[in-house]
Amino acid sequence: MAGPHTLLTGLAFGESPRWHEDRLWFCHWGTQEIVTVGRNGTSEVVARVPTTIPYSIDWQPDGRLLVVAGREALLLRAEPDGSLMTYADLTSLDSIFNEIVVDGRGNAYINGGIVVLVTPDGSARQVADGISFGNGMAVTPDNSTLIVAESHGNRLTAFDIAADGSLSNRHVWADLGDGFPDGICLDADGAIWYGDVPNKRCVRVREGGEVLQTIDLDRGCFACMLGGADRRTLFMMTAEWHGMENIDVMVEARTGQVLTVEAPARGAGRP
């Protein structure tokens, strides 16, 4: 595998990357921006959100953008005029949330220390608890399995998804040893790529934990996403990390980058 190509620099730090409408979309933490970047490196601020850190994005099957305002514990939805309205208020369930993934039925899963399900009618309920710093999530192509990155648990955890969106059969999909999984994505071979901030790498593993590829980096990898024309380009969101207590300094330092490499298998599932 060839070394990474630098697509975009000068970011505070990017999170929650998604490939959508032939562009990479991501949350530009610390700036209240949602940014897109094309394959030629041209970027554009396409939305602003009333929060700072964390926030994350995904789309309903009908194309409507959903945004998690993490510190406010709100799920927002973009309206046709571009404004963001409250789609689901999660404040009765927990105080802070992190990542989102929407399955093919339109069910949105949002995590933090728990996993919350928001159904297409906007109702919300808790469907899992005891999540050890929930981060990236992925849904298999058949909508049967939700995989959650537990950053402080050093593992990827899987759940069976029922027809009504409920979760069951919690089990360890992969024990990552000293790995700290952040954002994740699934490929057509059934493997998962995960970003790892403390270990400054992006890693591809199969179910059971076998490491298939490791991309060593010079700064932390917060998340990754497979995209491009054939979904075989791996986009990695990287930045220097010095802890939440120094977040303002990191935002000002602008060490964030978007890096790309060609992957051995195309993207699959959601997001």
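Predicted model: local features only at pLDDT ≥ 70, side-chain atom pairs only at ≥ 80, totals over all residues.
View 1. A pocket here is an open set of points on a 1 Å grid over the protein atoms alone, with protein on both sides within 12 Å along at least five of seven lines; lining residues have an atom within 4 Å of a point. Grid points are joined across faces, edges and corners, and the volume is the space filled by probe spheres set on the points. Fifteen is the lining count, and W19, H20, D58, W59 and R270 sit nearest the centre. Strand β2 gives the most, three residues. Strands are DSSP runs of E, at least two residues long, numbered from the N terminus. Sorted by class, this lining has seven nonpolar, four polar and four charged residues. (Nonpolar takes in Ala, Val, Leu, Ile, Met, Phe, Trp, Tyr, Cys and Pro; charged is Asp, Glu, Lys and Arg; the others, Gly among them, are polar.)

**View 2. The largest pocket, at about 550 Å³.** Of its 25 lining residues, N98, F133, N135, D182 and W241 are the closest to the centre. Strands β2, β14 and β18 each put in at least two residues. The lining splits into 14 nonpolar, seven polar and four charged.

**View 3. The one cavity of 30 Å³ or more that a search of the whole structure finds.** A cavity is a set of points where a 1.4 Å probe fits but cannot get out. Around the cavity sit P17, R18, E99, G136, M137, G183, I184, A223 and C224. At least two lining residues come from each of β2 (13-20), β14 (134-139), β18 (181-187) and β22 (220-227). Five of the lining residues are nonpolar, two polar and two charged.

**View 4. An aromatic cluster made of F13, W29, F222 and W241.** Rings of Phe, Tyr and Trp (its six-membered ring) pair if their centres lie within 6.5 Å; planes under 30 degrees apart count as stacked, over 60 as edge-to-face and the rest as tilted. That rule gives six aromatic pairs. One of them is F13 with W29, edge-to-face at 5.8 Å centre to centre and 65° between the planes. F13 lies in β2 and W29 in β3 (residues 23-29), so the pair ties together parts 16 residues apart in sequence. Both F13 and W29 are buried (under 20% relative accessible area; exposed is over 50% and partly exposed in between, with a 1.4 Å probe and protein chains only).

**View 5. The hairpin of β20 and β21, with five residues between the strands.** Five bridges join β20 (residues 201-205) to β21 (residues 211-216), and the two run antiparallel. Strands count as paired if DSSP finds at least two bridges between them. V205 stands opposite V211 in β21. In the turn, G208 has a positive phi of about 105°.

**View 6. G82, in the loop between β8 (74-78) and β9 (84-89).** G82 is exposed, with a relative accessible area of 52%. From G82 to I96 is 14 residues in sequence and 25 Å in space, C-alpha to C-alpha.

How values were computed. Residues numbered from 1 in each chain as written. Heavy atoms only, no water. Helix = DSSP H or I, 4+ residues; strand = E, 2+ residues; numbered from the N terminus.
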